[in-house]
Amino acid sequence: MVTTTSIKSNARDLQSELQWFREVLKTRSLLNANAECKYTDVFEVPLPTLSSEDSGYHRLVREYQFSFEERFILMLALVPHVRPELLDMFLARNEQTQQVYTEFGGKRGKFHNG
C-alpha cells in the first residue's frame with residue numbers, strides 16, 4: 001500500500017524533474033538563438049536532487065542509474081501526459097517563413113501537430 005508520504009515525495013521529485021526539463025528546453029532554445037544564457041551547454045543544467053527513498057521516481061532513477069540523457073527522455077515521454085504546455089515552444093512559428101520551425105520535426109495533421 002502506498003502511503004501519503006510516498007505520494008508527496010514522488011510528486012515533489014516529479015515537480016523538480018519537470019522544472020529541470022523546462023530549464024533544459026529553455027537553455028537549448030536560447031543557445032540555438034545565440035541569445036544570452038547562463039549556460040554554454042544543456043549538460044550544464046544541474047540535475048535536481050531527488051527528495052527521499054519514499055519516492056518511487058527516486059528509486060527508479062537510482063536503481064537504473066539514469067543518466068542526464070535518460071532522465072530527459074523519460075521526462076519527454078511523460079510531459080505530454082502530465083504537463084503538455086511545456087512542449088508549446090515547439091509550435092512557435094519562424095517569423096521569416098511563418099511556418100513551424102523544421103528543426104523541431106513532427107508532422108502537421110488536419111487536427112494535430114506533433
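Predicted model: local features only at pLDDT ≥ 70, side-chain atom pairs only at ≥ 80, totals over all residues.
Residues are numbered from 1 along each chain as its sequence is written, and side-chain values use heavy atoms, with hydrogens and water left out.

Glu17 is found in helix α1, and by helix I mean a DSSP run of H or I with at least four residues, strands being E runs of at least two, with numbering from the N terminus. Which residues is Glu17 in contact with, once its neighbours within four places in sequence are left aside? They are Pro48, Leu50, Tyr57, Arg71 and Met75, contact meaning heavy atoms within 4.5 Å.

Now the chain as a whole. The secondary structure comes to three helices and zero strands, and read along the sequence the pattern is α-α-α. Of the 114 residues, 25% count as buried. The accessible surface comes to about 8400 Å², and 54% of that surface belongs to carbon and sulfur atoms; these areas come from the Shrake-Rupley method with a 1.4 Å probe, and for residues only the protein chains shown count as cover. If we take the contacts between residues at least 6 apart in sequence, 50% of them join residues at least 24 apart.

Let me turn to how the helices pack. The axes of α1 (residues 4-32) and α2 (residues 56-63) come within 7 Å and cross at roughly 60°, the axes being lines fitted to C-alpha atoms, for helices over the stretch in contact, with angles running from 0 to 180 degrees between N-to-C directions. The two helices, α1 and α2, are therefore oblique to each other, given that angles under 35 degrees count as roughly parallel, over 145 as roughly antiparallel, 65 to 115 as roughly perpendicular and the rest as oblique. On the α1 side the contact is made by Asn10, Asp13, Leu14 and Glu17, and on the α2 side by Gly56, Tyr57 and His58. The residues of this contact divide into two nonpolar, three polar and two charged, where Ala, Val, Leu, Ile, Met, Phe, Trp, Tyr, Cys and Pro count as nonpolar, Asp, Glu, Lys and Arg as charged, and the others, Gly among them, as polar.

For α1 and α3, the axes come within 10 Å and cross at roughly 105°, and these helices are therefore roughly perpendicular to each other. Here Leu14, Glu17, Leu18, Trp20, Phe21, Val24 and Leu25 in α1 meet Phe68, Arg71, Phe72, Met75, Leu76, Leu78, Val79 and Val82 in α3. The residues of the contact of α1 with α3 divide into 13 nonpolar, no polar and two charged.

That brings me to the aromatic rings. A search of the whole structure finds five aromatic pairs, where rings of Phe, Tyr and Trp (its six-membered ring) pair if their centres lie within 6.5 Å, and planes under 30 degrees apart count as stacked, over 60 as edge-to-face and the rest as tilted. One of them is the edge-to-face pair of Trp20 and Phe72, at 6.3 Å centre to centre with 80° between the planes. Trp20 lies in helix α1 and Phe72 in helix α3 (residues 68-82), so this pair ties together parts that are 52 residues apart in sequence. Trp20 is buried, at a relative accessible area of 4%.

How are the rings of Phe21 and Phe72 arranged, stacked or edge-to-face? Their centres are 4.8 Å apart and their planes at 25°, so the pair is stacked. Because Phe21 lies in helix α1 and Phe72 in helix α3, the pair ties together parts that are 51 residues apart in sequence. Phe21 counts as buried at 0% relative accessibility. Trp20, Phe21, Phe43, Phe68 and Phe72 form one aromatic cluster.

Finally, the loops. Most residues other than glycine have a negative phi. Asn34, however, is not a glycine and has a positive phi of about 55°; Asn34 is found in the loop between α1 and α2 and is exposed, with a relative accessible area of 71%. Gln65, in the loop between α2 and α3, also has a positive phi, near 50°, and counts as exposed at 67% relative accessibility.

Key: Buried < 20%, exposed > 50% of the residue type's maximum accessible area, 1.4 Å probe, protein only.
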